[in-house]
Amino acid sequence: MQAFETQLRDALSNATGVPAADLRIENPRDPALGDLAFPCFVLAKALKKAPPAIAAELAAKLNDELEGIEAIATGPYINFKVERGLLAKTIVGEIEAQGSQYGHGTDGAGKTIVIDLSSPNIAKPMSVGHLRSTVIGAAIQRIHDALGYRTVGINHIGDWGIQFGKLVTALDRWGSEVDLESDPIKALLALYVRYHEEEEGDPTLAEQSSKNFQELESGVDGHVRKTWKRLTELSLREFDKIYSRLGVTFDEVRGEAFYEPYLESTIERIQAAGVTQMSEGALIVDLTPIRKKMAPCLLRKTDGTTLYATRDLAAVFHRHELYDFDRCLYVVGGDQKFHFEQLKGVLKRMNVAWEPKVEHIAFGMMNLPEGKMSTREGRVVFLEDVLDRAAEEARKIIAEKNPELANADVIAEQVGVGAVVFNDLKREREKDIQFVWEEVLTFEGETGPYVQYTHARLGSILRKAAEAGEGTADPDWRALEDAAPLILRLGRFPAVLRSAAEHAEPSEITSWLSTCAREVNAWYTQHRVLGQEAGITAARLRLVAAAKSALAGGLALLGVAAPEEM
RNA sequence: GCGCCAGUAGCUCAGCUGGAUAGAGCACCGGACUUCUAAUCCGACGGUCGCAGGUUCGAAUCCUGCCUGGCGCGCCA
């Protein structure tokens, strides 16, 4: 598709004298009008003519020099229609040439993108809320990988902070009553909840916790640190189970604790920039020069310990020194917008040149129908349970619809997990979403399984063709005339991929996949592939293979499996 | 109170950053399995784009005000 657009821009540029870069080729609102469109409004001033007149004149001129593309003036627009055989041959050819790398490129060569994703908290369960950061972040990383960027996916584990002081206190008091080995996360969660219940009536708890955290932060390798280490190990082991089901890996897994040795130098660095001051016993950076009434950023509390912001500042400097990134993306919930404004605010006050490269890629909150999720109040949905139930549901449907299927359990897992992941990626990321079981367990319509099913059906056609030895003839590309909407959709994938990267928006990929799958389904139900005249079957098979490959490529970017059968 | 984000079909959402007659899925209704997997397809129904002004050849999209919902606002992360 890109090739056609370039050709049109050059031709328009030649005809008008306007630089090709200033000419925007669009998609017509109604596909019946044409495959590509050029609105003539932008030329009205330069040429001092009404857009419809320009369109008519230019269309006539272009028709003399364009081969295989027809220009049709429609009001103020010029619509372009590529000759169907040429269109099919070109797009299918591009997909065949690039295979599983279709649409990929080297746009990002030499550029580094750092992505902070997932970032669960030690001793807390991975909820469906963490799913968002993990799955969105991983998709953004794959999308950039496909465009040739060097990407660094960092899992920034929440393993530091006063709550570890609290947990150590809780373990010391009641640890003997819980079973940490069989289900550590749930046991720790129960302890955490109990701690908060009892803290009100027993002030010694808070005192002890504060002492514990001070000891932890002091670096003393004693009881507190040993307990903390054990907690992180137990938790990480649990998290890994889920990451492996989601097919997510990281280039760097570092806890906040990793930045412990960098905290002092970071604070010194900020002080050296002359932007710190003491306020009510705490060390702060005043941010009102950035925005009126903006709350200050606290670097050090009255008790001398550091905060989340301090550690994140240490981390961002460290990352910049290590990777010299072109973009540093934080895939973190929208409820932390203010935190990142503060982080960037401090960098701005320090006149750090690369501050604009740091971006908060916020996503909407996941809520339950009965209200906001709350770990403390036990109002959470565990990710593991969601994946399990989705896989079970998929297994049931397979038993019903395709009982002969080999590896049914493996495929049920792929379909179930695919449904959950796709569901999480299908809306614009900044929108809040409500977690509704029924919705997650739906496998029809705009869902992962729908796309997977379409892919499997295409695979089935190819297998049957191979058995029958069909498709060896020269393709008759004109036989794909009715497939034009599908072919055009396939042709637009490279542009969609680039747009998704620029906006850090995986939903552009899911949306393309849904539409493309719908077009595939609409096409093949009306056009039988096998057993036609040899040239026709050959052409249709080439399209089937290309569409299957493109769908698989899109799913791969999202981390969703594309089973051959289901 | 202040600051961000959102409001499009009964529900969940697209709408290509200002362009053509606002589109999908779900739900509901009517059709299609001796034919490459019916997790599918075809059709019908469904709209005061939150409200009111403004900017211009043109606004769901931009600016202002208001209404509604979500999130955040100094020693949690």
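Modeller: We will take the pocket, then the cavities, then some helix pairs. Keep in mind that this is a predicted model.

Biologist: How does the lining of the largest pocket divide by class?

Modeller: There are 17 nonpolar, 17 polar and ten charged residues in the lining of the largest pocket.

Biologist: How many cavities of 30 Å³ or more does a search of the whole structure find?

Modeller: The search finds two. The largest cavity has a volume of about 80 Å³. Of the 13 residues lining the largest cavity, Met366, Asn423, Asp424, Phe435 and Val440 are the closest to its centre.

Biologist: Which element gives the most to the lining of the largest cavity?

Modeller: Helix α14 gives the most, with three residues. At least two residues each come from α5, α14 (408-425), β14 (433-434) and α15 (437-440). By class, the lining of the largest cavity has eight nonpolar, two polar and three charged residues.

Biologist: Now the helices. At what angle do the axes of α4 and α17 cross?

Modeller: Helix α4 (residues 84-98) and helix α17 (residues 484-491) have axes that come within 10 Å and cross at roughly 40 degrees. The two helices are therefore oblique to each other. The crossing of α4 past α17 is left-handed. On the α4 side, the contact is made by Arg84, Leu87, Ala88, Ile91 and Ile95. Ala484, Ile487, Leu488, Leu490 and Gly491 make the contact on the α17 side. Sorted by class, the residues of this contact are eight nonpolar, one polar and one charged.

Biologist: Why are α7 and α9 described as oblique to each other?

Modeller: Look at the angle. The axes of α7 (residues 184-199) and α9 (residues 223-246) cross at roughly 130 degrees and come within 9 Å. An angle over 145 would count as roughly antiparallel, and 65 to 115 as roughly perpendicular. Helices α7 and α9 are therefore oblique to each other.

Biologist: Which residues of α7 and α9 meet?

Modeller: Pro184, Ile185 and Leu188 of α7 meet Leu231, Leu234, Ser235, Glu238 and Phe239 of α9. This contact of α7 with α9 has six nonpolar residues, one polar and one charged.

Biologist: How do α9 and α13 cross?

Modeller: The axes of α9 and α13 (residues 383-401) come within 11 Å and cross at roughly 40 degrees. The pair α9 and α13 is therefore oblique, and α9 passes α13 in a left-handed crossing. From α9, Ile242, Arg245 and Leu246 meet Leu383, Glu384, Leu387, Asp388 and Ala391 of α13. The contact of α9 with α13 holds five nonpolar, no polar and three charged residues.

Conventions
Residues numbered from 1 in each chain as written. Chains lettered and ligands numbered in written order. Predicted model: local features only at pLDDT ≥ 70, side-chain atom pairs only at ≥ 80, totals over all residues. Heavy atoms only, no water. Nonpolar A, V, L, I, M, F, W, Y, C, P; charged D, E, K, R; others polar. Axes fitted to C-alpha atoms, helices over the stretch in contact; angles between N-to-C directions. Helix = DSSP H or I, 4+ residues; strand = E, 2+ residues; numbered from the N terminus. Parallel < 35°, antiparallel > 145°, perpendicular 65-115°, else oblique. Left-handed = near helix turned anticlockwise from the far one by under 90°. Contact = heavy atoms within 4.5 Å. 1 Å grid on protein atoms, 1.4 Å probe; cavity = no way out; pocket = protein on both sides within 12 Å on 5 of 7 lines; lining within 4 Å. Points joined across faces, edges and corners; volume = space filled by probe spheres on them.
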